[in-house]
Amino acid sequence: MIQYLPIFKKMLQKYPGRNRERQNALVTETGDSPGMAKGMITGARGDTHDGYKVRLSIKTALGKDAYQWNEDEKFLFRATIAFAMRAYTKDESYNVSSVLICNETQRVSFWIQVKRPNTAIPVQQDLLEKAIISSRNRINSAFLLSDKTLEFVGITSTLPSPIEPSYPVWLVVFGVVIGIVTLGIIAIIVSGVLAKKRKIKEIEDGDELEKEDNIVENGIYCGVLEIKEGVNNGAFAHEDDSLTKL
Amino acid sequence: FSMDVDTTAEERPKWDNKVQYLLTCIGFAVGLGNVWRFPYLCQTYGGGAFLIPYIIALIFEGIPLLHLELAIGQRLRTGSIGVWNSISPYIGGVGLASLTVSFLVGLYYNTILAWVLWYFFNSFQQPLPWSECPLNENRTAYIPECEKTSPVNYFWYRETLNITPAIEENGTLQWWLVICLATAWALVYICFIRGIETIGKAVYFTATFPYLVLTIFLIRALTLPGATDGLVYLFTPDVMLKNPTVWLDAATQIFFSLSLAFGGMIAFSSYNPQKNDCERDAVIVGVINSATSIYASIPIFSILGFKANSNYNDCLDKNILTITNAFNIGDQNVTRANYGSWIESLNVTNHKELESLNLQKCSLQTFLDESASGTGLAFIVFTEAVIKMPGSQVWAVLFFVMLFTLGLSSMFGNLEGVLTPLLDLHLVPKCIPKEAFTGLMCLVSFSIALIFTMGSGNYWLEIFNSYVGSVPLLIIAFFEITSVVYIYGIKRFSDDIKWMTGRYPNIYWQATWRVISPLMLLVVFVAYIVVQAQVPATYDAWNPNNVCISNTHIYLLYYYSIYFYSFTIFH
């Protein structure tokens with residue numbers, strides 16, 4: 001028999017914040033320079049501008065086919081960001097020169113900043129965010145990466161919506177099982193009732209006949225005796241016989 | 001020629017063949033505990049070394065008691081109430097107590113099978129519902145209760161049980177559990193409908209299928225990465241035989257595992273022809289039960305080792321990502337292999353920053369220590385392991401069908417322990433066909449078991465399991481063996497066995513029946529009471545607000561059950 005002890009305590013101790021992986025896409029970076037607010041760049045002269053930190057994990061995404069991050073790739077990146085701005089604002093004056101890249105690291109990570117065309121004024125943070133979100137797919141595909149491997153730190157990616165079937169699948173399985181079981185129960189009960197009816201009929205047909213044909217008398221099967229028209233036992237005389245005698 | 005055939009012998013049902021009888025007894029003995037209690041005990045008490053007290057308990061307590069029950073049922077050819085009444089009217093209460101225990105255990109045992117069925121129904125989806133947290137209404141984030149623990153925990157506590165924070169809060173009947181419970185009782189009914197006539201055919205499948213699945217799992221599990229970690233962990237002996245709890249747990253495990261004192265074994269053997277070798281049957285059933293426990297622990301622990309390995313790798317990967325991002329190290333420069341050396345060098349160069357990251361300590365040992373027993377093993381730990389295996393649906397389905405068949409064959413014993421005495425006492429009017437009576441039994445049990453489908457149902461079930469299915473059985477078994485040996489008379493009993501099997505019970509049986517087994521039972525009983533009395537009666541509750549466990553104190557049912565069974569025994 002079962003004797004079990006719940007281990008809920010141990011399970012819970014292990015699992016706080018287990019879904020941090022899923023939160024990677026949601027949560028902003030806790031900051032590699034303390035005191036730095038989200039999305040702000042400290043320029044060379046120490047003043048802050050709008051921009052985003054970008055992080056690429058090319059080797060994770062592509063493995064052996066990983067390409068080298070060089071000046072050409074950077075150019076492409078600036079071009080895609082410019083494209084995103086053009087597509088969102090419908091302003092065709094955005095160009096590659098509007099996009100700045102700085103603070104590059106080995107990771108590969110860097111900061112980007114977009115300036116209004118032909119000015120030195122950076123675009124609004126939320127405008128940039130919306131532009132990137134709307135063209136996110138195109139930007140990812142240009143680099144053969146995904147939301148997870150091409151991160152814009154601070155921009156949340158939409159959660160993958162869980163696949164919800166239109167009907168609860170488990171009810172289907174339940175229906176199948178309960179249907180089979182009900183049919184089985186009915187079948188067994190009906191067969192039992194039929195067998196009993198048959199038995200009663202046999203008893204009514206011949207009170208004097210032996211019930212089962214595997215009953216043995218004096219070493220001879222009674223069924224065989226019957227075939228041989230065996231010994232007439234006066235104690236079990238047929239009703240017909242007694243009538244005709246009279 | 002006389003038509004006066006012995007009507008009782010003709011009317012009493014019998015097994016179609018010996019195989020049916022053995023399979024039924026084995027199926028009754030081999031239950032959920034073999035799969036989810038024994039491996040846990042083995043691992044807790046240091047694997048290989050636990051087998052020593054376990055086998056000693058089997059030899060000196062398990063098999064003698066089993067032989068006693070089978071022999072007495074076969075000789076007296078009645079169920080538990082009839083047997084004990086025949087021996088002496090003063091101990092008729094033992095039979096009544098057996099019947100009550102069988103009935104009450106049957107109630108909550110089938111509820112566990114209903115949970116198994118629920119998981120089985122839900123295993124036919126891609127992805128498995130316990131693999132991901134569901135989204136909240138806005139679809140902006142995951143449900144916070146799920147985030148705080150894990151999808152597997154959430155699915156068990158919220159989507160399956162919908163558990164309330166305390167037993168006082170009843171909650172409502174959870175309709176999905178009600179229909180799963182109805183299905184479970186319907187499945188039990190269809191096998192139990194004509195008593196042993198239908199049970200005997202059902203056990204060909206229910207008793208053998210678990211072995212097939214265990215073998216499949218064994219082959220699959222041994223090929224999983226990390227399986228050897230689990231096995232090493234399981235079998236590494238940690239010789240702590242001086243600790244009395246090892247012996248206590250071994251003795252109780254053997255006792256409960258063999259399903260003694262339920263009256264089920266007595267009922268099964270009462271349908272045997274009297275000239276049957278019950279001694280050999282008892283040894284076969286006892287040995288197979290223990291062998292199954294050991295055999296089952298291998299795939300279970302291989303899979304737990306795989307899960308621990310997988311969790312450990314996940315933990316490492318998470319830390320690697322954190323430090324890669326924090327220190328802008330090149331992508332994939334930090335691997336699982338050189339993680340340790342990276343941490344060391346970072347500790348020297350950027351100590352403060354490393355501290356601020358609050359990296360989780362990843363230790364394979366900690367993950368391995370997260371072993372579990374009971375429903376925790378099946379519905380939390382194992383389901384988590386299954387989602388990491390390729391082809392999860394297949395493994396989930398196989399696993400839950402195996403659990404169901406294991407439990408189903410044990411349910412047969414519980415129900416026969418109730419039905420046979422009732423039939424023998426002629427409490428069933430002749431006009432009611434057997435099918436209707438078994439149906440009525442199932443219906444009544446289902447109605448009462450609805451209590452376990454409420455929000456607080458799991459708490460009730462734990463109480464039933466801890467207090468109904470433990471101490472009363474020890475008391476019943478103690479009275480069983482002492483009344484057979486000292487009231488019926490060991491000499492008379494041994495002569496009966498000689499008549500039935502052709503051999504007089506040898507010194508091993510004599511010694512164990514007269515002295516060793518009753519003494520062991522008494523010691524186990526006293527030790528159990530002492531251990532229980534030292535700890536105030538509590539139950540673990542789930543608190544969704546704090547997501548922690550709170551303990552609440554209850555005293556009632558424990559004392560009540562002791563009182564109740566003492567009363568019935570001395571009736």
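Student: Why is B:Ile432 called partly exposed?

Tutor: In this predicted model, local features need pLDDT of at least 70, side-chain atom pairs count only at pLDDT 80 or more, and totals for chains, interfaces and linings use all residues. Residues are numbered from 1 along each chain as its sequence is written, chains are lettered from A and ligands numbered from 1 in the order in which they are written, and side-chain values use heavy atoms, with hydrogens and water left out. B:Ile432 has a relative accessible area of 34%; buried means under 20%, exposed over 50%, and partly exposed in between (1.4 Å probe, protein chains only). B:Ile432 is therefore partly exposed.

Student: Where in chain B does B:Ile432 lie?

Tutor: B:Ile432 belongs to the loop between α21 (392–424) and α22 (434–449) of chain B. Helices (H or I, at least four residues) and strands (E, at least two) are DSSP runs, numbered from the N terminus.

Student: What makes strand β5 of chain A largely enclosed by the rest of the structure?

Tutor: Six of the six residues of β5(A), residues 109–114, are buried, so the strand is largely enclosed. One side carries A:Ser109, A:Trp111 and A:Gln113, the other A:Phe110, A:Ile112 and A:Val114, and all are buried.

Student: Why are strands β4 and β5 of chain A said to pair?

Tutor: Two strands pair if DSSP finds at least two bridges between them. β4(A), residues 99–102, and β5(A) have four bridges in the antiparallel sense, so they pair. A:Cys102 has A:Trp111 as its bridge partner in β5(A).

Student: How many bridges join strand β3 of chain A to β5(A)?

Tutor: Four bridges join β3(A), residues 52–56, to β5(A), and the two run antiparallel. A:Val54 has A:Phe110 as its bridge partner.
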